[in-house]
Amino acid sequence: MALRRALSRLLVNSQRCSLISVSRAQGTSAPAAYEEQAKKAAKTPKVQFNWRDALDLEGLLTEEEIMIRDSFRTYCQEKLMPRILMANRNEHFHREILNEMGELGVLGPTIQGYGCAGTSYVAYGLIAREVERVDSGYRSVMSVQSSLVMHPINAYGTEAQKQKYLPKLARGEILGCFGLTEPNHGSDPGGMETKAKYNPSSRTYTISGAKTWITNSPYADICVVWAKCEDGRVRGFVLERGMNGLSTPKIEGKFSLRASATGMILMDEVEVPEENLLPHVSGLAGPFGCLNNARYGIAWGALGAAEFCFHAARQYTLDRIQFGVPLARNQLIQKKMADMLTEITIGLQSCLQLGRLIDQKKYNPEMISMLKRNSCGKALDIARQARDMLGGNGIADEYHIIRHVLNLEAVNTYEGTHDIHALILGRAITGLQSFTVGK
Amino acid sequence: MSARVLVGVKRVIDYAVKIRVKPDRTGVVTDGVKHSMNPFCEIAVEEAVKLKEKKLVKEVVAVSCGPQQVQETIRTALAMGADRGIHVEVSGKDYETLGPLQVSKILAALAKKEQADLIILGKQAIDDDCNQTGQMTAALLDWPQRSPEDGTFASEVNIEADKLKVVREIDGGLETIKINLPAVVTADLRLNTPRYATLPNIMKAKKKKIANVKPADLGVDVSSRLEVLKVDEPPQRQAGVKVETVHDLVGKLKEAGRI
């Protein structure tokens with residue numbers, strides 16, 4: 001008790017102490033100066049440290065962004081949080097959430113027209129953060145629909161395709177998936193083996209190949225598939241469920257993102273009408289444009305998961321008493337929380353800046369790589385630390401943290417692994433590529 | 001139907017916040033504390049917007065009295081579907097002493113000015129729990145007033161041929177009442193479930209107008225006839241005493257002079 005009082009006296013009086021030492025050094029004119037300073041110090045109100053928002057991110061958001069964030073946060077906490085425990089435990093995908101999110105207008109939020117909200121990228125980031133605070137699987141579903149299905153159709157599709165698909169995707173009436181990764185080609189999509197052959201007589205493309213690790217595919221109504229054409233260029237095609245030769249088996253035995261359904265896209269000579277080609281892009285710029293869009297959302301989202309873990313661990317260590325004191329009384333615990341707070345705060349500030357730059361069209365892909373890599377890596381570390389702080393209870397899904405730990409393993413890996421983004425940055429820093437062994 | 005509905009919305013400390021009394025005991029701490037729309041007012045807005053969607057009402061106007069910050073609350077109402085807002089500027093000392101009597105005078109004046117046919121208010125505010133504004137407003141306007149109480153099966157408010165039809169749950173079952181318009185309705189908890197403001201509506205809300213008005217413009221004097229002497233925390237719960245038998249219990253009660 002005496003120690004605590006002495007400590008608090010030290011902290012409160014540190015300001016006064018420094019003033020006194022300054023005035024002593026200056027001699028007899030000092031007392032007057034000291035009075036002045038003390039009066040000034042008393043007038044400016046003390047700004048409290050807010051561990052929930054240490055660098056006042058809130059103050060940098062517009063009123064509209066705050067309203068969007070608040071409204072969607074309420075939905076996530078009231079409607080998604082109650083479902084996630086069982087959904088994750090039983091690996092059940094709640095298809096209805098797409099319709100619910102569609103009603104709220106949060107699918108494809110940055111798209112103008114076609115039933116979409118047309119809001120800022122910062123708002124998109126805030127939305128992703130709120131969903132991922134509940135579960136990364138739900139956020140993956142939302143990211144795929146918004147950035148990997150609606151975005152390519154909007155950016156690279158014909159007007160007819162946009163009219164046909166976008167409003168229904170925005171409402172969550174139809175579910176889409178994005179087929180780029182193959183069993184033998186993950187980090188090097190350029191080496192893909194899926195082929196598209198043009199048939200001039202029927203004006204169709206015949207597509208054959210296999211895609212894997214495709215979020216939503218078992219339940220998807222449409223698939224945006226990237227295939228190599230005869231000229232060696234990669235192009236995007238919209239495949240629809242029911243086309244002959246198209247099947248989407250589920251991947252079993254997944255221990256991450258269990259609340260979202262992941263599967264393969266198997267194409268055995270699927271005939272796709274040429275109207276389903278996305279004509280306004282060719283080459284890897286197409287899929288990469290979509291991935292960058294999604295990666296930006298993930299940069300925000302991962303920090304939402306990290307925030308949940310940090311807050312949960314804080315509450316747990318405040319409540320749990322061992323050796324007569326709360327766990328939070330211990331130095332090792334406090335150090336861990338200090339690290340979590342710092343990384344989350346700094347991460348969010350950088351995401352906000354990136355969002356603003358994107359809205360001003362002053363961004364480039366390396367910025368997004370940097371933040372996706374940072375947010376995911378740091379969030380995974382925070383989740384693991386938080387799990388540790390909960391001890392044995394930390395491995396029970398009732399406490400939710402272990403679910404985030406498992407999810408973030410996938411989040412750190414997909415959309416460009418931690419290491420691949422490092423290579424992207426390395427190339428930008430040095431001008432030398434280190435992806436391949438050759439020159 | 002060309003009816004216009006006035007909905008009162010109050011900015012209060014968020015229901016989830018732990019309230020702390022100010023050190024000088026003149027009130028509670030509000031600086032830097034999260035505020036939001038009074039939950040009963042949310043239900044009132046939802047009901048008004050529902051009536052508009054059923055095409056029974058033409059325009060929904062959201063009103064709030066207070067300083068600059070209440071505009072956030074009006075914007076939330078606009079994001080839920082209200083058409084325009086009115087911000088009655090009351091600040092400083094006047095705002096601290098603003099109570100149901102002054103608010104109802106303001107609402108009555110506005111109802112006449114805007115030619116409102118229906119006023120929907122929350123039953124009470126979660127900060128003062130007065131449950132008076134609706135009744136006072138009705139009395140000042142000499143309009144009928146009704147509270148549709150909760151209803152597990154959608155208690156309803158409907159407009160039929162210039163009358164307000166209200167269904168409420170009572171002990172013996174459901175009661176259906178028809179009252180003449182114009183009227184005042186106060187919303188209780190189970191009247192409806194307020195919608196989440198959708199993104200497109202939040203963005204549309206930016207363009208909707210909020211008019212600024214001063215109480216003096218409406219001829220209302222906001223000075224209070226009440227003076228708050230002291231605000232205290234509820235007394236700390238004292239530990240109880242366990243007794244072994246009923247005999248002991250009776251003995252203890254007699255000791256305490258209770259029986």
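**Exercise 1.** Determine the handedness with which H6(A) passes H7(A), and their relative direction.

*Solution.* Step 1: in this predicted model, H6(A) passes H7(A) in a left-handed crossing (the near helix is turned anticlockwise from the far one by less than a right angle). Step 2: the axes of H6(A) and H7 (residues 159–171) of chain A come within 9 Å and cross at roughly 160 degrees. Step 3: H6(A) and H7(A) are therefore roughly antiparallel to each other (angles over 145 degrees).

Residues are numbered from 1 along each chain as written, and chains are lettered from A in the order in which they are written. Local features need pLDDT of at least 70, whereas totals for linings use all residues.

**Exercise 2.** Which elements and residue classes line the second largest pocket?

*Solution.* Step 1: this pocket has a volume of about 1,200 Å³. Step 2: 42 residues line the pocket, and A:Thr181, A:Gly186, A:Tyr414, A:Glu415 and A:Gly416 lie nearest its centre. Step 3: the elements that give two or more residues to the lining include helix H6 (136–156), strand S5 (204–215) and helix H8 (285–319) of chain A. Step 4: the lining divides into 19 nonpolar, 15 polar and eight charged residues.

**Exercise 3.** State how many residues of helix H2 (residues 70–80) of chain B are buried.

*Solution.* Step 1: nine of the eleven residues are buried (under 20% relative accessible area, 1.4 Å probe). Step 2: among them are B:Val70, B:Arg75 and B:Met80. Step 3: H2(B) is followed by B:Gly81, whose phi is positive, near 135 degrees.

Conventions
This is a predicted model: local features need pLDDT of at least 70, side-chain atom pairs count only at pLDDT 80 or more; totals for chains, interfaces and linings use all residues. Side-chain values use heavy atoms; hydrogens and water are left out. On a 1 Å grid over the protein atoms alone, a cavity is a set of points where a 1.4 Å probe fits but cannot get out, and a pocket is an open set with protein on both sides within 12 Å along at least five of seven lines; lining residues have an atom within 4 Å of a point. Grid points are joined across faces, edges and corners, and a volume is the space filled by probe spheres set on the points. Helices (H or I, at least four residues) and strands (E, at least two) are DSSP runs, numbered from the N terminus. Ala, Val, Leu, Ile, Met, Phe, Trp, Tyr, Cys and Pro count as nonpolar, Asp, Glu, Lys and Arg as charged, and the others, Gly among them, as polar. Buried means under 20% relative accessible area, exposed over 50%, partly exposed in between (1.4 Å probe, protein chains only). Axes are lines fitted to C-alpha atoms, for helices over the stretch in contact, and angles run from 0 to 180 degrees between N-to-C directions. Angles under 35 degrees count as roughly parallel, over 145 as roughly antiparallel, 65 to 115 as roughly perpendicular and the rest as oblique.
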